[in-house]
Amino acid sequence: MGLKEQQNCLNQRKIIVFLFLAFIPIALFRLCFNNPFSSIDDTSLQDSSPHVVITSFSSSSSSQEEDTQESTDRVKDESSCDYTQGKWDRDEIGPLYNGSTCGTIKDGQNCFRHGRPDSSYLYWKWKPNQCDIPRFDANRFLDLMRDKHLAFIGDSMARNQLESLMCLLSTVSSPDLVYRNGDDNKFRRWRFESHNVTVSVYWSPFLVAGLEKSGNLDHNVLHLDRVDERWGKDLERIDTVVVSVGHWFLHPAVYYESGSVLGCHSCEASNCTEVGFYDVFRKAIRTTLKAVARSRREVILTTFSPSHFEGRPWDSLGACNMTEPYEGKVLEGLDLDMRQIEMEEFTAAKAAAGEVRLEALDVTAMSVLRPDGHPGPYMYPFPFKNGVPERVHNDCLHWCLPGPVDTWNEIMIEMLRRWRV
């Protein structure tokens, strides 16, 4: 090989080495920035729980898919949240209304105007273990019920819940009383013209047909196979029904079914068989749910509301005088039994409901924790203005307004919202 050929070969080798060295950084660059594993975020390895991450380089279609998934996840979270399990937390915001700003409070539940000296019972909010209950939004409620008729049917606890709702709604819209019959708000109807919403209350302490004890009758009379006609005749004009009963079933009564005497409760002087009231209560709930489910409508069963006499006479000094909620108190005895019967009948009715939307507003467990929420002696104005009497009448059954019963309506608006989705 000549000198010239050796130089040409050397030059070729130099070119090859130069090209090889030049391609090394390019290869390294492509390896680093085009590596498919480099897009894995460290946080996705640390947290494997389901969640949605929207990145800045996602396409428009993928963002929409992620938004849809986020909404779906939120709905799943809401549906899986058990609002019956939780605790009462201090809430410094307080109620939306008071005893002076709401004009529809029954006199016996207006604890503020009757001189109750403590106010701590107003500053508690129910906090479920798995979620939050939004603060009541009156405008939202009226929007959800636009052009509809909502009716509360039952005893004084149904009326208590109704009066709470009326106070909450009155913070944004004044209702017009368009019908009244009877004392103590037993039969009333209001209209919110701004949204064409009608709200009614029907006094029916047994839900089924019956006669209440009076001066000439020392016991109640119930007909368990048909509903009370006072609300039954208007049922076709009602879109959403809230039913709530319980405590009147504890009174002495004689029961009829298909025109024949079935038995009685606490009826020593009557010539019939003692059958107690639990099975009767069950039959009344069953008859009612069958009746309201015959047409397409929304039905809410508010469960048994506990009292807090705690074994003391209703006129004893110091009955239900607590100022804070219980901690850790569990359902037992009558409260547990009544709630269990309602939930069993609700479950059976829901399985056969068809197109009817049926839900249980299960307030028993959360309400048993609130012995501080009753009027107590302040069912009457200023009971101690002339000193401390030996005996004093106490209401340890109904709820002060504002008070814990407002929470029931906060939960109810969430039920309505899910139904409207």
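Student: What makes the side chains along strand 2 (residues 124–128) alternate?

Tutor: Trp124, Trp126 and Pro128 point to one face and are buried. Buried means under 20% relative accessible area, exposed over 50%, partly exposed in between (1.4 Å probe, protein chains only). Strands are DSSP runs of E, at least two residues; helices are runs of H or I, at least four; both are numbered from the N terminus. This is a predicted model, where local features need pLDDT of at least 70 and side-chain atom pairs count only at pLDDT 80 or more, while totals for chains, interfaces and linings use all residues. Residues are numbered from 1 along each chain as its sequence is written, and side-chain values use heavy atoms, with hydrogens and water left out.

Student: Why are strand 1 (residues 86–90) and strand 2 said to pair?

Tutor: Pairing needs at least two DSSP bridges between the strands. Strands 1 and 2 have five, in the antiparallel sense, so they pair. Trp88 has Trp126 of strand 2 as its bridge partner.

Student: Why is Gly328 called exposed?

Tutor: Its relative accessibility is 70%. The cut-off is over 50%, so Gly328 counts as exposed. Gly328 lies in the loop between strand 12 (298–302) and helix 8.

Student: Which residues of helix 7 (residues 278–292) make the contact with helix 8 (residues 333–351)?

Tutor: Tyr278, Phe281, Arg282, Ile285, Arg286 and Leu289. Contact means heavy atoms within 4.5 Å.
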